[in-house]
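Hi,

Here is the structure I promised to pass on. Have a look at it first, and then read my notes below.

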Amino acid sequence: MPVPRYARYPRPPAAGSATLPTLPPSAVTTTNRIFVGRLPPGVGQEQLLGYFQQFGPVTDCYVPLNHATRLPRGIAFVTFASEGVVDVVVAGPHKILGQEIAVDRAEPRKEPPVPHGYPAG
């Protein structure tokens, strides 16, 4: 006998009747690195360092280049000396050269699974 559809997809708890599940502390990642997007053309490492050092000490600033043109791709990664600075930076709007930029926490890349055995083919 097939399983009724409602049994396969449990109903979410009603509002106010239950608390939302929380992640264990080990699953929450903290970082001292931010991703910066929507950078205006011509913005380089010096401008980014000058802007973000007002929030705290910057230990690294990486501006990837387009391989074909060797010009900045419009994104960057900025690393601060402490994690607390990231909370302050991510909270507010930012403008560089009169253009609003996007700032978010930089998430570490997830490693692809390691294949087991011999490659197919």
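**The sheet and what packs on it**

Five strands form an open sheet in the order β2-β3-β1-β5-β4, and their pairing is antiparallel. The two edge strands are β2 (58-62) and β4, each with a single partner strand, so one side of each has no neighbour in the sheet. On average, neighbouring strands are turned by 30° against each other, direction ignored.

Before going on, some ground rules. This is a predicted model, where local features need pLDDT of at least 70 and side-chain atom pairs count only at pLDDT 80 or more, while totals for chains, interfaces and linings use all residues. Residues are numbered from 1 along each chain as its sequence is written, and side-chain values use heavy atoms, with hydrogens and water left out. Helices (H or I, at least four residues) and strands (E, at least two) are DSSP runs, numbered from the N terminus. Two strands pair if DSSP finds at least two bridges between them.

As an example, β1 and β3 run antiparallel and are joined by four bridges. Ile 34 has Val 78 in β3 as its bridge partner. Helix α2 packs on the sheet and touches β1, β2, β3, β4 and β5, and its direction makes about 145° with that of β2. Helix α3 packs on the sheet too, touching β1, β3, β4 and β5, with its direction at about 140° to that of β5. Contact here means heavy atoms within 4.5 Å; axes are lines fitted to C-alpha atoms, for helices over the stretch in contact, and angles run from 0 to 180 degrees between N-to-C directions.

**A closer look at α3**

Which residues of α3 are buried? They are Val 85, Val 86 and Val 89 (buried is under 20% relative accessible area, exposed over 50%, partly exposed in between, with a 1.4 Å probe and protein chains only). Down the helix axis they fall within an arc of 100°, so they line one face of α3; the arc is that of the directions from the helix axis to the C-beta atoms. The face turned away from that buried side carries the exposed Val 88 and Ala 91. The cover over the buried residues includes β1 (33-37), α2 (45-52), β3 (76-80), β4 (94-96) and β5.

The side chains of Arg 105 and Asp 87 meet in a salt bridge, 2.4 Å from N to O (the rule: a side-chain nitrogen of Lys or Arg within 4 Å of a carboxyl oxygen of Asp or Glu). Arg 105 sits in β5 (residues 99-105) and Asp 87 in α3 (residues 84-91), 18 residues apart, so the pair links distant parts of the chain. Arg 105 is partly exposed at 30% relative accessible area, and Asp 87 is partly exposed at 42%.

Cheers
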